[in-house]
Amino acid sequence: MLNIRVEKIQNPKPLPSQDNPLTFGTIFSDHMFIMDYEIGKGWIDPRIVPYGPLELDPSCMVFHYGQEMFEGLKAYRTEDNRILMFRPDKNIERANKTNERICIPTIDEDDFLQALKAIVKMDESWVPDKPGTSLYIRPFIIATDPFLGVRPSNTYKFIIILSPVGAYYPEGLNPVKIWIEDEYVRAVAGGLGEAKAGANYVASLKAQVKAHDEGYSQVLWLDGVERKYIEEVGAMNIFFKINGVVVTPQLNGSILPGVTRRSCIELCKSWGITVEERKISAEELFTAAEDGSLEEVWGTGTAAVISPVGHLRKGDQVVQIADGGIGSLSQKLYDTVTGIQLGKVEAPEGWIEEVI
Ligand code: COI
């Protein structure tokens, strides 16, 4: 159990007007949670302080070798004004897997949950209530030893910041256009692909810029070895409905195990839909698109929720998925997942954590 010290902001910021779109990741609440790690002492000095700049030594290891992890989850305001978090235990579990992979000390799961609840409770007035909005929660850890040699740091900061958000993609629930990348690679098994580390995202930037220049929202990555099999989109996992069967790439060590991915698989199975977690090649996908058996494509992610995909392009090959609109299963998943998150649809056991 953490003994969290609280220093309240003197002049709270005005809450953002909900008449403007809450552009993803641009607005931050009044407070942040911080906890330090020192070797021999463990995680110490948990505190909630006003949101603001950090003072860090320029030689901090995170700046040089990128020893950093992050998570992303959301809090939602229900119609009866309760605040709910969606499956935070899964984010906490994944955070510690990432920590282990990149030599960051793990955090006690109960302490992590307590910290999440405490900071969300502190800034609960920042949880928006318009349809499609939520409070995005970004926990992260940085390596803070002032040292230029390559080794794991002996000191860290664990920080949680909060950002009221609307849709991740400017398209909202309208289908996005996805670029299948065949030049650059995001990750390979044995690397960092299944960890939620900033390093994976920097690896994705070059291809993302290329895709944007061509008018595509996001990059769909192929496996780094054979450059044949579909992996993930970077900001989301990917699903296909082919001949009535839901297919998603299996977790193979280079794909992020998404919480929304897992939830969609569990929901589809509970509805009696066959779900195959397996290798799927870009070639199989384009063949299915040509013969009409590719019925729907959608991405899943905390930020992106359920994001229908309307177009795919690989090199010169471009396909429109079905009529380019929102498929019925994508819509059902969106309605169910957001309904659960907003407390309108009964949640499977353990999916919802109320902030009280
Ligand atoms: C999330 O969905 O929470 C993510 O971390 C993706 C991020 C790139 C916005």
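In this predicted model, the ligand is surrounded by F70, G72, Y136, R138, Y168, K196, Y201, T302 and A303, where a surrounding residue has a heavy atom within 4 Å of the molecule. Residues are numbered from 1 along each chain as its sequence is written. Local features need pLDDT of at least 70 and side-chain atom pairs count only at pLDDT 80 or more, whereas totals for chains, interfaces and linings use all residues, and side-chain values use heavy atoms, with hydrogens and water left out.

**Polar contacts (pairs of N or O atoms within 3.5 Å)**
- An N or O atom in the side chain of K196 lies 2.8 Å from an oxygen atom of the ligand.
- The backbone also takes part: a polar backbone atom of T302 is 3.3 Å from a ligand oxygen atom, and a backbone N or O atom of A303 is 2.8 Å from an oxygen atom of the ligand.
- Of the 280 Å² that the ligand exposes when taken alone, the protein buries 90%, with areas from the Shrake-Rupley method and a 1.4 Å probe.

**Make-up of the shell**
- The shell residues divide into 5 nonpolar, 2 polar and 2 charged, in a scheme that counts Tyr as nonpolar and Gly as polar.

**Domains**
- The chain is divided into domain 1 (5-165) and domain 2 (176-341), with bounds from an automatic or database domain assignment, and each domain supplies at least three residues to the shell around the ligand.
- The domain centres, taken over C-alpha atoms, are separated by 27 Å.
- Between the domains, 19 residues of domain 1 are in contact (heavy atoms within 4.5 Å) with 20 residues of domain 2.

Technical notes:
Polar contact = N/O pair within 3.5 Å; in protein donor to acceptor, adjacent residues only side chain to side chain.
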